[in-house]
Amino acid sequence: MTNRPTDAPAVRYDFLVVGAGTAGAVMAARLSEDGLHRVLLIEAGVDTPPGQIPADIDDTFPSSTLNPAYFWPGLEARMADGREPRPFPQARVMGGGSSIMGMFALRGMPSDFERWRAAGAAGWSWEEARRVYRKIEREPARGEGGDGTTPVTRTSPREWPTFVSALRDAALANGFPYVEDINEAPAEGFFPMPTTRNAEFRSGSARCYLTESVRRRPNLTIMANTVVQRLLFNGRVAIGVECEHGGATMTVLARHVIVSAGAIYSPALLLRSGVGPAQELASIGVKPVVDLRGVGRNLQNHAYQFFALTLPRDKRLAPTLRRFAMAGLRASSKLQDCPPGDLLLFAFGRVSPQPFGTGVAMLGSALYSPFSTGTVTLQAANPQAAPRIDFRMLGDPRDAPRVVMAARLAERLLRDPTVAANYNEAFLLPPGMALNQFNRSGLAGLALAVGAGAALDAPGPLRRFALRHVAGLGRPLAQRRGNDAPSDGELLASIAPMGHPVGTCTMGDARSPSTVVDDAYRVCGVGNLYVVDASVMPVIPSANTHMPTLMLAEHAAERITRDHTHVAPGVMGAA
């Protein structure tokens, strides 16, 4: 049962956590463990309590990413200067991104955390990150037993569709080793993809951290369907938030406020509340509280593209397996100043929960250590106005060549005779074309499913006509007879930002003008205010950001708990 705040105009807590996503769920669970400190967790989206988790969120195929009810409406992002903004999905549901993402469970590379430390985030190292990862992960395949919070599973090669096995063989023939456990042995190589799931359920942070026993704690209150509009201050000390719940505005007071709204909405909330570049805020009518120039800067993301493969009936994933990510290939560009493992390929076994979904597979290629940075800014002071997101991908001259290198590696493997024998056609997908293009709801979805199933099993010319002119997949770049290689320009035009924004509330040396939080997650120049989520990462990790964000949140909870164990709960005032 979820506790509810009282109807009083001002309610006081020891810790108030804004956002119940990957990081926020961890913070609420850990900070309430002592049974003493009163913790309030606020989420803008719907709650998904134990026993009531929607089937599409629990699904081991990421069906939830197709449900618009779980996302912020009207959010758009500009991928690069000169391009039009496109919809950019960001989760608004209990568990945040962990409830809707593709379930990759990559830790990243040792060099990621060396780069964090070099950027001014003191205390970070691969050894420290690995210590916390082992606290999180429950992966019996390692033979450790494991009592971590989050089940992690790798799809056995015995279950791979034949094109994935062929990709492995082609990668090995091209000099890449096979790596059984890419997280414990981070390096170049082909590997089974670790995923945050068990045999039955997604391992989202809401399921794994906000359990029934955690929710029964009398000192933990969870408040869903509540939008925090701004932070409240007494001078330069955070004292609570103003939020909208059930059509009414209410004030909630707290000794400490922890913002865990993600790399888009955390900086937006700080900016809207007067924490950010003072001149910029004043120009849109926001009264500055503290001039913090780094808020909303240093936005980073991974750039990716997809090749879709049509598969013969006898070379598909078993229809009973609701799997998505099968395997990956980590490679290095070896370009000057670029870290190892900066390129990633990943293979998907199906594109839809519908029966036709196993007839199409995807091979993605991505730049996993970009140097380009962008911004999150406000369009207006109004809390209802969506923030402006400018990724400025490929702005750094070192990025475009590596995007092309990753795509050419995927293309080379697809043209390998061993791999080519396992698919009919391969198409370079338009930018941002992913699962939602292969899935529709209602009668349109039913018609698509029936039509797609018939087209995929049709003779070659008819199949290619339907895929090109009806599904809009474009011309095949590789097929059994003949090849049509895309140009570098076509490859660069096909990229899109992943759902991995980071860096907009950068952790670093408090003396640096670009730093937003110090190594204790405290917002510089403001008392009693913290940020804990992917926005504090100074450099994007060479991994999907879910596991690094979980790890960072566990690390923050340890640090904040340690710093406040000597403080009696219920006493208001500065830290």
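In the hairpin formed by strand 12 and strand 13, where two residues lie between the strands, Gly246 takes a positive phi near 60°; strands here are DSSP runs of type E with at least two residues, helices are runs of type H or I with at least four, and both are numbered from the N terminus. The model is a predicted one, in which local features need pLDDT of at least 70 and side-chain atom pairs count only at pLDDT 80 or more, whereas totals for chains, interfaces and linings use all residues. Residues are numbered from 1 along each chain as its sequence is written, and side-chain values use heavy atoms, with hydrogens and water left out.

Strand 12 and strand 13 (residues 248-259) pair in the antiparallel sense over six bridges, two strands being counted as paired if DSSP finds at least two bridges between them. Within this pairing, Glu244 stands opposite Thr249 of strand 13. Strand 12 (residues 237-245) is also paired in the antiparallel sense with strand 11 (residues 226-234), over eight bridges, and there Asn234 stands opposite Val237 of strand 12. Strand 11 and strand 12 likewise form a hairpin with two residues between them, and Gly235 in the turn has a positive phi of about 65°.

A further sheet is open and consists of four strands in the order 4-3-21-20, with mixed pairing. Strand 4 (86-87) and strand 20 (375-377) stand at its edges with a single partner strand each, so one side of each has no neighbour in the sheet. Helix 8 packs on this sheet, where it touches strand 20 and strand 21, and its direction makes about 45° with that of strand 20; such angles run from 0 to 180 degrees between N-to-C directions, the axes being lines fitted to C-alpha atoms, for helices over the stretch in contact. Inside the sheet, strand 3 (residues 76-78) and strand 21 (residues 388-390) run parallel and are joined by two bridges, with Asp390 of strand 21 as the bridge partner of Arg78.

Eleven of the eleven residues of helix 8 (residues 262-272) are buried, so this helix is largely enclosed by the rest of the structure; buried means under 20% relative accessible area, exposed means over 50%, and partly exposed lies in between, with a 1.4 Å probe and protein chains only. The buried residues of helix 8 include Tyr265, Pro267 and Arg272. Just after helix 8, Gly274 takes a positive phi of about 95°.

Ser333 is placed in the loop between strand 17 (325-331) and strand 18 (343-348), and with 7% relative accessibility it counts as buried. When neighbours within four places in sequence are left aside, Ser333 is in contact with Cys338, Asp342, Leu343, Arg402 and Met405, contact meaning heavy atoms within 4.5 Å. The side chain of Ser333 also makes a polar contact with the side chain of Asp342 (2.6 Å); a polar contact is a pair of N or O atoms within 3.5 Å, of which, within protein, one must be able to donate a hydrogen and the other to accept it, while residues adjacent in sequence count only if both atoms are side-chain atoms. The C-alpha atoms of Ser333 and Ala406 are separated by 8.2 Å, although these residues are 73 residues apart along the chain.

Taken as a whole, the protein has 15 helices and 25 strands, and 61% of its 575 residues count as buried. Among contacts between residues at least 6 apart in sequence, 72% join residues at least 24 apart.
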